[in-house]
Amino acid sequence: MVALFVVKSVRMLKVGLTGGIASGKSAVGEMFVGLGAHLAQADHIAHSLMQPGETVYNEVVRHFGRGILNPDGTIHRGKLAEAAFGPAASGEGEQGSRIEELNRIVHPAVLRSQQEWMEAVGVGDPDAVAIVEAALILEAGAAKDFDRLIVVTCDEEQRAVRFAARQKVGLEAARAEVARRMSAQLPDEKKIQVADYVIDNSGPLDRTGEQVRQIWRQLEAEAAKPGHRQPG
């Protein structure tokens, strides 16, 4: 007897949402959620993987030392950032090698978790639009995992203002820190070149919201259409 297996066709659309630091990716992601999208945030995934007892946690501590830990043994994200990027006042130095070292530890586990999440969403909702918000989609070589790529941009001063408000630091310190972290990412110009959609988040949120709604209509229609492009 030959066993027959019925394979359910999954049309789910996988969307990568990326952009530089303080561009407003999270706000844009929440707008898509409000319209019906499923959303996972790579930063939250990474945070969960760096909890005590996790393999990624153990590797990060082994590479960067116990000086990055809080008294309770959890990772102090500010201290880890300084260890990876170098002190804010320093020049290039070993900055590149240390952030690459951190990425080599964290990225593979995050990418696996993202894939597992998207697969689970597709099983539960074959017509879904599943969005992964991540700053380093292109840098991690993960663009191939998505059907569509959205890049969020904003002007440099707006980026610094948002970072200052979020981190509760002065504007000059925010400008320096943003520049330091952006140096470890591809510039927006490079990301825009490979994007399917670009959202300019420099202005008021209602203007951003209108761009999100326009893109959502296209994504939703594509997700409901059989045979949409799959990542190569």
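## Basis of the model

The model is predicted: local features need pLDDT of at least 70, side-chain atom pairs count only at pLDDT 80 or more, and totals for chains, interfaces and linings use all residues. Residues are numbered from 1 along each chain as its sequence is written, and side-chain values use heavy atoms, with hydrogens and water left out.

## Overall layout

The chain has 9 helices and 5 strands. Both are DSSP runs, numbered from the N terminus: helices are H or I with at least four residues, strands are E with at least two. From the N terminus on, the order is β-α-β-α-α-α-α-β-β-α-α-α-β-α.

Of the 232 residues in the chain, 43% are buried. Buried means under 20% relative accessible area, exposed means over 50%, and partly exposed lies in between (1.4 Å probe, protein chains only).

## Strands and their partners

Strand β1 (13–19) is largely enclosed by the rest of the structure, because 7 of its 7 residues are buried. Leu13, Val15, Leu17 and Gly19 point one way, and Lys14, Gly16 and Thr18 point the other way.

β1 pairs with strand β3 (residues 129–133) in the parallel sense, over 5 bridges. Two strands pair if DSSP finds at least two bridges between them. Gly16 has Val132 as its bridge partner in β3. β1 also pairs with β4 in the parallel sense, over 5 bridges. There, Leu17 stands opposite Ile150.

Strand β4 (residues 148–153) pairs in turn with β5, again in the parallel sense, over 4 bridges. Thr153 has Asp200 as its bridge partner in β5. Side chains alternate along β5 (residues 197–200).

The structure holds 1 aromatic pair. Phe32 and Trp216 form this pair, which is tilted, at 6.4 Å centre to centre and 55° between the planes. Rings of Phe, Tyr and Trp (its six-membered ring) pair if their centres lie within 6.5 Å; planes under 30 degrees apart count as stacked, over 60 as edge-to-face and the rest as tilted. The pair links distant parts of the chain, with Phe32 in helix α1 and Trp216 in helix α9, 184 residues apart. Phe32 is buried at 0% relative accessible area. Trp216 also counts as buried, at 7%.

Gly209 lies in α9 (residues 205–223). Gly209 is buried, with a relative accessible area of 8%. Gly209 and Met31 are 178 residues apart in sequence, but 6.9 Å apart in space, C-alpha to C-alpha.

## Two loop residues

Ala22 sits in the loop between β1 and α1. Its phi is positive, about 60°, although Ala22 is not a glycine. Ala22 is buried, with a relative accessible area of 6%.

Lys168 is found in the loop between α6 and α7. Lys168 also has a positive phi, near 55°. Lys168 is exposed, at 75% relative accessible area.

The largest pocket has a volume of about 1400 Å³. Of its 49 lining residues, the closest to its centre are Ile21, Asp43, Arg77, Ala135 and Arg181. A pocket is an open set of points on a 1 Å grid over the protein atoms alone, where a 1.4 Å probe fits, with protein on both sides within 12 Å along at least five of seven lines; lining residues have an atom within 4 Å of a point. Points are joined across faces, edges and corners, and a volume is the space filled by probe spheres set on them. α5 gives the most to this lining, with 8 residues. By class, the lining has 27 nonpolar, 12 polar and 10 charged residues. Ala, Val, Leu, Ile, Met, Phe, Trp, Tyr, Cys and Pro count as nonpolar, Asp, Glu, Lys and Arg as charged, and the others, Gly among them, as polar.

The second largest pocket has a volume of about 160 Å³. Its lining includes Cys154, Glu156, Arg175 and Asp188. α6 and α7 are the elements that give two or more residues to this lining. By class, the lining has 5 nonpolar, no polar and 5 charged residues.
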